[in-house]
Every structure is written in C-alpha cells, then in structure tokens.
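Good morning, colleagues. Please keep the sequence and the structure in view while I go through a few features of the fold.

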Amino acid sequence: MRTALITGSGRREGLGFETARQLAAEGFHVILSARKLEQAKPLAAELAQEGVDATALELDLLDRASVAAAARQVEERFGRLDVLINNAAVMVASPTVADKDLDELMLEFQTNVVGTWSVTQHMLPLLVAGGHGRIVTVSSGAGSFWDPDYGLVNYPGFEMDRFGEMPITAYALTKTALNGLTIKLAKELKDANVLVNSVCPGVTATRPGTEQWARPAAESAKGVVWAATLPDDGPTGLFFRDGKQLPW
C-alpha cells in the first residue's frame, strides 16, 4: 500500500484533513501530522472508523528534533514514503512592509520555509527509497510575481468589495521562496523518479464564516491530490492550480 504524509492535517475543517481523506480514497495509507499528537489522533481515528488506513503523527515544523523523530517513526513502520504533502503553514496579515513586525516575519519564514525545508530533508531518503516519490508543496497565487495582486488575498472568488484588501506580504514571500525551492529540488531529483511540484489550492473555506466567499476544502484538495498521484512521466518543477499550470 502506498503511504502519504500530510503536514498540518490536525484540523477537521482544514485542507490537510480533506487531502488525507481524498488520498485514502485513492488507496493510500494516510499519515495525518500536527504539532501535537492529540490534534491529529482523533482525526485519524475518525478516518479509521470509515474504513480508512490512517495514522496520527506528531510533527512540529519549528522543532527539528520533532521532525527527525517523525521521520524515524515513518521509516520504522513503513520503510518508505510515497507522497509528502507540505501543507502546514502560518499566515499573519500585516499592514505594510514598513510596519511589519519582524518577530511575526521570523515566525512565518521559520515555519513556512525553514520548517518545510526541514521536513522535506528528513523525508527525502524515504521518498527516494520508494522509487516513485511525489512531493507536493501547498503554495499560493500570492507567491507568484505574475499575480496582479501579489502579496494580497485576492483570488477568483474572493469578494474584495466585501472584505477589502488583506495584505499578506510576508506570507506571500514565504510562498515565493517555496516555489523556488520546488524548482531547485525538482532539478536535484530528476534522476531519482521523485516528482516535485507546487500547488495553489485557491481561497479555501477552512475557517468558520468563510463559506460564503471561499470554495470548499473538498474542491481545493482535488488539485493537491492530482499532483500527488501523477504518473512517473508527469510534470515536475512546476506550479499548478486545479491541474493547470500557473506562471511563477
């Protein structure tokens, strides 16, 4: 059975949990991870009650010892990893570049970039060992220089007239960095049969009250699962939304 690890999957309303559910439907054993085991454990049990093969795992992106321990647990139990979904992230809305709190900035970069990089490093030997590894990093259109509203929450379906602009400059820059990491890693792994891609899920209703202007997590997760289940001759080192390539 193929195995998939999804970071940041400790919330029932979140994209990570829905991605896990859809990957399970594709025949994967899904590993739901969260900063605290008690966040992921009941969700893994919920999937298990539905007949899904699911495991809970404690994995704190800000704690390298936690990341290393998680990798050891995956290796000891499964011996390999077929899919890594880098989903965990934090976003703090900020006023302007000039007014950005630099402690918040460090938190976002340490979590979204350094933490994701750490998880990828530790899981990489297991992905290579599987022979058909897939790395999918959940990015954002806000991290694309092409996006006319770079650094703002403003995607198709986002009602700007109602909610106004929400500056997310630091978050956007972390996603730009992850897109760059995707390109570099894809080149390094071109001979290892590990495909590496970034996916923008679009604005997703993962918080109460967002259902009226954001699409359901079940819809957004489809593009992530698509990238996770690409054939061996599929694309690598690219950026997608709903299976369609986006410019950087």
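Let me begin with a convention: a residue is called buried under 20% relative accessible area, exposed over 50%, and partly exposed in between. What we have before us is a predicted model. With that convention, N193 at 24% relative accessibility counts as partly exposed. This asparagine is located in the loop that runs between α6 (169–188) and β6 (195–199).

A second residue belongs beside it. Where is D242 found? D242 sits in the loop between β7 (239–241) and β8. Its phi is near 55 degrees, again positive in a residue that is not glycine. With a relative accessible area of 39%, D242 is therefore partly exposed by the convention I gave.

I turn now to the sheet. Eight strands make up an open sheet with mixed pairing, and their order is β3-β2-β1-β4-β5-β6-β7-β8. At the edges stand β3 (54–58) and β8 (244–245), each of which pairs on one side only. Within the sheet, strand β1 (residues 3–6) and strand β4 (residues 83–86) run parallel and are joined by three bridges. In one of these strands, β4, the bridge partner of A4 is V83.

Finally, I come to a pair of helices. How do the axes of α1 and α7 cross, and at roughly what angle? The axes of helix α1 (residues 15–25) and helix α7 (residues 217–228) come within 8 Å and cross at roughly 60 degrees. The two helices are therefore oblique to each other. The crossing of α1 and α7 is right-handed. On the α1 side, the residues in contact are L15, E18, T19, Q22 and L23, and they meet A217, A218, S220, A221, K222, V224, V225 and A228 in α7. Sorted by class, this contact of α1 with α7 has eight nonpolar, three polar and two charged residues.

Thank you for your attention.

Terms used
Residues are numbered from 1 along each chain as its sequence is written. This is a predicted model: local features need pLDDT of at least 70, side-chain atom pairs count only at pLDDT 80 or more; totals for chains, interfaces and linings use all residues. Side-chain values use heavy atoms; hydrogens and water are left out. Axes are lines fitted to C-alpha atoms, for helices over the stretch in contact, and angles run from 0 to 180 degrees between N-to-C directions. Helices (H or I, at least four residues) and strands (E, at least two) are DSSP runs, numbered from the N terminus. Angles under 35 degrees count as roughly parallel, over 145 as roughly antiparallel, 65 to 115 as roughly perpendicular and the rest as oblique. A crossing is left-handed if the near helix is turned anticlockwise from the far one by less than a right angle, and right-handed if clockwise. Contact means heavy atoms within 4.5 Å. Ala, Val, Leu, Ile, Met, Phe, Trp, Tyr, Cys and Pro count as nonpolar, Asp, Glu, Lys and Arg as charged, and the others, Gly among them, as polar. Two strands pair if DSSP finds at least two bridges between them. Buried means under 20% relative accessible area, exposed over 50%, partly exposed in between (1.4 Å probe, protein chains only).
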